[in-house]
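This report concerns one protein model and describes its aromatic ring pairs and its sheet.

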Amino acid sequence: MFLSESGYQNERRSLGASRALAYYADINQHTRLYGIHEGETSRREGGPKPTRKEKLKQQNPAKPQLYEMRTLFDFNEHFIELSNAEEEKRSLGFMLLLLGALILSVPIFGVATHFLRHGVLDWVLCLMVIGVFALEYFFLWPHFLAPAFFTGLRARYRFNRTTRKVYTLRPKKYGGNVVLDWDRVQAHVRWAPPKAWTAEQLATSEAAREERLRSAGLDSNLLLYWPPLHGNDPERKGEDVLWVGPTGSGESLWQYIRTFMEDGMHVVPPPSKHEWLRKGFSGTSEHLEETVMHGSHMRDDIVGKGTSGATYGNYAANFLWAPLHSLAERLCYWPTFPEGWNSDCGQKRRESGIGPEEPMQWNCKP
């Protein structure tokens, strides 16, 4: 799903690019960004000085870890491939889509029945149809349903250390497909959605900014930022923002990506069986086991006493949701990388399935 991307693009249209970047993406003079060769980038002019606690943290960066989160599409000598967050909300979106269609069908059915019986339109029912349609189209659809349906199934980000490029697949309305230079990237490792704060509150109140950071928690996400190629360019060419990894990702995922890109696949921990994402569409049982029951199975593996009662309860609570998610996926398309990019370094990778794919290492082909 593309909820964060949709929110950012909506803010760009209403506030403009620079204000949306400062407000929604939280990239401003108060933000501390990480570079690819060191801890944090140097402080921006006029920005706050790092505290003693922050200086100590810079000396002890997070270890490269995936923390058993389903994160990777692919992992090999040349590139790692990741996606974006909030896929677990697609089944909820599909239920809302069906509910909205059902609510809209009631007044439409009333209008049709009245017209067939009496040969005239009931304008009260017509106004009800228009009102319900307007409510769903202008409020529910653009903010929650459009990022989930009739669009790309997932974002795909290939971080290729051989070419030192980041190959990005996204729907056009959320930024489009683009090839980005790895050497220009900066990382915001504690991004959180702005929630109830206004742009003015976050711009003028240090307390509001600190509260936003503290509110991240499970809603945090790794955000990667490419500044404009030229600082005084009014068109801001070269600027881009990516939300990478699942909800809850942060500095450890950034260090995993950075270490892989700078030092190679043998320097980062190899992915475990719990850290793979499925390419392509999921069946009902696949989604249930790999996404919904992911946390329950991990807890059972840690305890080592077989399937727990809590896991059975989780099955009972979610088995009806899994078919909705599987159906919802079929309302989207699976994006594929253009052959001209050569993002796979001359070795075709499969477009469906989950887990390690052979070969893991091969000679790069031009």
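## A tilted ring pair

Phenylalanine 337 counts as buried because its relative accessibility is 11%; buried means under 20% relative accessible area, exposed over 50% and partly exposed in between, with a 1.4 Å probe and protein chains only. Tryptophan 341, at 22%, is partly exposed. The ring centres of phenylalanine 337 and tryptophan 341 lie 6.3 Å apart with planes at 55°, so this pair is tilted. Rings of Phe, Tyr and Trp (its six-membered ring) pair if their centres lie within 6.5 Å; planes under 30 degrees apart are stacked, over 60 edge-to-face, and the rest tilted.

## Basis of the model

The model is predicted: local features need pLDDT of at least 70 and side-chain atom pairs pLDDT 80 or more, whereas totals for chains, interfaces and linings use all residues. Residues are numbered from 1 along each chain as its sequence is written, and side-chain values use heavy atoms, without hydrogens and water.

## Other aromatic pairs

The whole structure holds 12 aromatic pairs. One of them, phenylalanine 73 with tryptophan 334, is edge-to-face, at 5.6 Å centre to centre and 80° between the planes. Both residues are buried. Ring pairs also join Tyr8, Tyr24, Trp191 and Trp243 into a cluster.

## The sheet

Five strands form an open antiparallel sheet in the order β1-β2-β3-β4-β5. Strands are DSSP runs (E, at least two residues), numbered from the N terminus, and two of them pair if DSSP finds at least two bridges between them. Strands β3 (residues 156-160) and β4 (residues 165-169) are joined by five bridges; tyrosine 157 has threonine 168 in β4 as its bridge partner.

Key. Helix = DSSP H or I, 4+ residues; strand = E, 2+ residues; numbered from the N terminus.
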